[in-house]
Amino acid sequence: MVKELMNKDELNDFIKDEVCLVDFFATWCGPCKMLAPVVEKLSESGVKCGKMDIDDNAEVAMKYGIEVIPYVVVFKKGQPVDKSIGLVSLEELRTLVEKNK
């Protein structure tokens with residue numbers, strides 16, 4: 001299950017320990033809607049996944065330099081270690097996470 005992260009405190013708590021993936025999206029974004037089920041499938045395979053609406057969290061979007069969505073970030077111990085921009089496949093996301101474990 002993908003955890004919805006409502007604010008920067010929830011994000012910081014979510015990313016602080018293990019390797020995880022966060023999908024930064026907007027509700028009006030077509031490619032974001034297409035990526036959501038892919039991220040859900042990834043989470044069902046055991047990867048810790050979260051999602052955050054950048055329209056509700058502009059400060060977070062600025063912090064990570066998010067200008068284009070969908071924007072997926074892999075975090076490790078609270079730090080961004082990799083990213084993907086745009087619509088990608090399940091295998092591409094899985095590879096992104098695996099190479100950063």
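User: Leaving aside its neighbours within four places in sequence, which residues is Ser84 in contact with in this model?

Analyst: In this predicted model, Ser84 is in contact with Pro70, Tyr71, Val72 and Leu96, once its neighbours within four places in sequence are left aside. Ser84 itself has its place in strand β5.

User: How do you know whether Ser84 is buried or exposed?

Analyst: The relative accessible area of Ser84 is 14%, and buried means under 20%, so Ser84 is called buried.

User: What makes Lys77 buried or exposed, and where does Lys77 lie?

Analyst: Lys77 lies in the loop between β4 and β5. Its relative accessible area is 63%, and the term exposed applies over 50%, so Lys77 counts as exposed.

User: Why is the peptide bond from Ile69 to Pro70 called cis?

Analyst: The omega of the bond from Ile69 to Pro70 is near 0°, and the bond is cis. In general, most peptide bonds are trans. Pro70 is placed in the loop between α3 (58–63) and β4, and Pro70 is also one of the residues in contact with Ser84.

User: Why are α2 and α4 called oblique to each other?

Analyst: The axes of helix α2 (residues 30–44) and helix α4 (residues 90–98) come within 9 Å and cross at roughly 50°. Angles under 35 degrees would count as roughly parallel and those from 65 to 115 as roughly perpendicular; the two helices are therefore oblique to each other. Their crossing is right-handed.

User: Which residues meet where α2 and α4 are in contact, and how many are nonpolar?

Analyst: From α2, the residues Leu35, Val38, Val39, Lys41 and Leu42 meet Leu90, Leu93, Arg94 and Val97 of α4. By class, this contact has seven nonpolar and two charged residues, with no polar ones.

User: How do you know that the buried residues of α4 line one face of the helix?

Analyst: The buried residues in α4 are Leu93, Leu96 and Val97. Viewed down the axis of α4, these buried residues fall within an arc of 95°, so they line one face of the helix.

User: What covers the buried residues of α4?

Analyst: The elements that cover them include β2 (20–25), α2, β4 (71–76) and β5 (79–85).

Key: Residues are numbered from 1 along each chain as its sequence is written. This is a predicted model: local features need pLDDT of at least 70, side-chain atom pairs count only at pLDDT 80 or more; totals for chains, interfaces and linings use all residues. Side-chain values use heavy atoms; hydrogens and water are left out. Axes are lines fitted to C-alpha atoms, for helices over the stretch in contact, and angles run from 0 to 180 degrees between N-to-C directions. Helices (H or I, at least four residues) and strands (E, at least two) are DSSP runs, numbered from the N terminus. Angles under 35 degrees count as roughly parallel, over 145 as roughly antiparallel, 65 to 115 as roughly perpendicular and the rest as oblique. A crossing is left-handed if the near helix is turned anticlockwise from the far one by less than a right angle, and right-handed if clockwise. Contact means heavy atoms within 4.5 Å. Ala, Val, Leu, Ile, Met, Phe, Trp, Tyr, Cys and Pro count as nonpolar, Asp, Glu, Lys and Arg as charged, and the others, Gly among them, as polar. Buried means under 20% relative accessible area, exposed over 50%, partly exposed in between (1.4 Å probe, protein chains only). The arc is that of the directions from the helix axis to the C-beta atoms.
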